[in-house]
There are 2 protein chains.
Amino acid sequence: MALRSRSPAASITIWGRNPEQLQEILNSNLADTVETDPVTAVRDADLVIFCTPVGSMEQLATTIAPHLAPQTLVTDVGSVKACVAKKLTPLLGDRFVGGHPMAGSERSGLAAARSDLFDGAPCILTPSGTTLPESLEILTSFWHSLGAQVTTMSPLEHDRLVARLSHLPHALAFALVNLISETLPEDAPLLAGGSFRDGTRVAASDPALWTGILTENRHEVIAALREMSDLLGSLAENLEEEDNDAVLDVLTRAREQRVRLPLPNHHLPSDD
Amino acid sequence: MALRSRSPAASITIWGRNPEQLQEILNSNLADTVETDPVTAVRDADLVIFCTPVGSMEQLATTIAPHLAPQTLVTDVGSVKACVAKKLTPLLGDRFVGGHPMAGSERSGLAAARSDLFDGAPCILTPSGTTLPESLEILTSFWHSLGAQVTTMSPLEHDRLVARLSHLPHALAFALVNLISETLPEDAPLLAGGSFRDGTRVAASDPALWTGILTENRHEVIAALREMSDLLGSLAENLEEEDNDAVLDVLTRAREQRVRLPLPNHHLPSDD
């Protein structure tokens with residue numbers, strides 16, 4: 001939808017498995033052609049973008065690899081990068097450069113689509129040491145054209161970062177909802193204020209998709225969960241010891257950081 | 001501001017310590033009179049509302065108690081209730097009924113005030129066993145008149161509930177910001193998406209106020225922090241054991257609860 005509105009001349013093919021949804025896409029004029037066969041879909045493409053769960057990408061890459069034109073670049077929008085690079089680079093070579101546009105929401109499907117989704121949103125590209133500069137330039141221009149702000153780093157740096165900036169906040173949201181429903185009366189959430197509502201918004205995200213993300217980034221997510229547990233345990237200890245100065249110090253440091261954080265100021269219900 | 005716009009006939013006196021801020025209030029026509037002396041401020045009042053940090057209420061109650069008219073009801077808007085009742089009931093008797101309107105935001109001061117703040121927001125009143133029904137009725141009508149939805153429960157039930165619905169989400173927000181600033185490069189938060197932004201919004205709340213809240217509700221907050229640590233530890237274990245079904249179960253339960261939660265639908269940046 002973003003590409004359509006910003007680059008009307010681009011020829012767009014969408015691959016999918018569900019013919020009804022593909023028909024909807026055609027009806028909405030969001031693609032020039034739709035395909036249920038991935039091999040036909042990628043024929044002569046300049047750019048192929050994997051928008052499937054990370055777990056499906058290896059199979060898809062195996063299927064299309066022998067049929068790609070020489071100029072075709074392949075990227076993806078998966079939320080983890082090291083395991084994707086590890087699986088796809090042997091199949092696709094340097095024509096593959098991973099990407100992660102950090103936009104979206106807990107909603108999914110065509111009804112949740114919006115053409116301004118990437119406006120001001122960060123997009124991380126994860127080239128390897130052997131990625132051609134031209135390939136990186138093409139991908140950077142592509143994301144710029146959709147309004148995103150592009151940063152590059154290694155797949156491992158990416159995974160370490162998003163484990164803490166995105167995967168941990170999601171895990172906290174899921175855990176907080178479960179804690180509430182296990183420990184409080186059923187109608188208690190009626191009394192929740194904004195901190196609970198905002199802190200758990202992303203707990204409405206697709207469980208299968210997020211199980212994939214958390215398990216694919218297992219190593220860094222476990223580390224982040226343990227770091228968080230330690231901080232909560234230390235705060236509990238401060239409270240137990242009635243060390244109010246230590247509590248105030250924790251909160252003061254957090255507030256100082258939070259108000260000066262260079263957070264992207266796109267007021268969408270955007271996400272990771 | 002809410003009372004002024006909904007009950008223009010009500011006579012409002014605001015007590016404060018800062019004469020410049022009191023003058024601003026008068027200039028904005030938000031009060032009929034302003035006072036720096038609490039004893040003068042409460043003279044002949046029908047209703048006195050403590051809007052100070054919880055830690056200041058005992059001293060204020062001691063000061064005004066001998067000067068209250070027979071009809072005067074006293075309530076408060078503090079975020080914890082058991083310790084407030086314990087301190088104020090001996091000083092004020094049954095004319096005191098605690099309250100907690102669950103609205104507000106991480107912002108403070110006159111510039112952050114809004115007359116629709118309480119629209120649809122929950123407000124918990126915590127009568128004692130000896131509170132007169134008339135007193136509870138008056139307070140309930142007062143909060144209804146500002147648009148709030150009133151619930152009553154015991155001070156202890158309140159504290160158990162808000163420890164998990166509000167204090168824990170705040171603690172998570174403070175801890176998450178500290179975790180990020182301790183473990184990631186300084187410019188990393190530029191890459192944060194909505195889950196981090198929303199999950200840490202309330203980390204910008206006033207540290208002194210929240211140190212008061214967390215320490216005053218110490219017992220229940222410690223319990224909630226430990227419950228959360230356990231859930232995070234258990235998720236880390238599931239990931240470590242590559243038990244994807246267990247991870248999926250955690251996320252699926254959370255999503256089911258989150259989407260069917262009877263969360264108040266007031267789309268303000270409202271809080272607790």
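Q: At what angle do helix 10 (residues 218-240) and helix 11 (residues 244-260) of chain A pack?
A: This is a predicted model, in which local features need pLDDT of at least 70, side-chain atom pairs count only at pLDDT 80 or more, and totals for chains, interfaces and linings use all residues. Residues are numbered from 1 along each chain as its sequence is written, while chains are lettered from A and ligands numbered from 1 in the order in which they are written. Helices (H or I, at least four residues) and strands (E, at least two) are DSSP runs numbered from the N terminus, and axes are lines fitted to C-alpha atoms, for helices over the stretch in contact, with angles from 0 to 180 degrees between N-to-C directions. The axes of helix 10 and helix 11 of chain A lie 7 Å apart, and the angle is about 145 degrees.

Q: Which residues of helix 11 of chain A make the contact with helix 10 of chain A?
A: Two residues are in contact if their C-beta atoms, placed from the backbone, lie within 7 Å. Helix 10 of chain A contributes A:Leu235, A:Asn238 and A:Leu239, and helix 11 of chain A contributes A:Ala246, A:Val247 and A:Val250.

Q: Which helix of chain A gives the most to the side that touches chain B?
A: The contact between the chains takes 85 residues from chain A and 85 residues from chain B. Among the elements of chain A that each supply at least two residues are strand 6 (122-126), helix 10 and helix 11. With 18 residues, the one that gives the most is helix 7.

Q: Which residue stands opposite B:Leu47?
A: Strands pair if DSSP finds at least two bridges between them. Four bridges join the parallel strands 3 (residues 47-50) and 4 (residues 73-76) of chain B. In strand 4 of chain B, the residue opposite B:Leu47 is B:Leu73.

Methods. A residue is buried if 20 or more other C-beta atoms lie within 10 Å of its own, exposed if 12 or fewer, and partly exposed in between; C-beta atoms are placed from the backbone.
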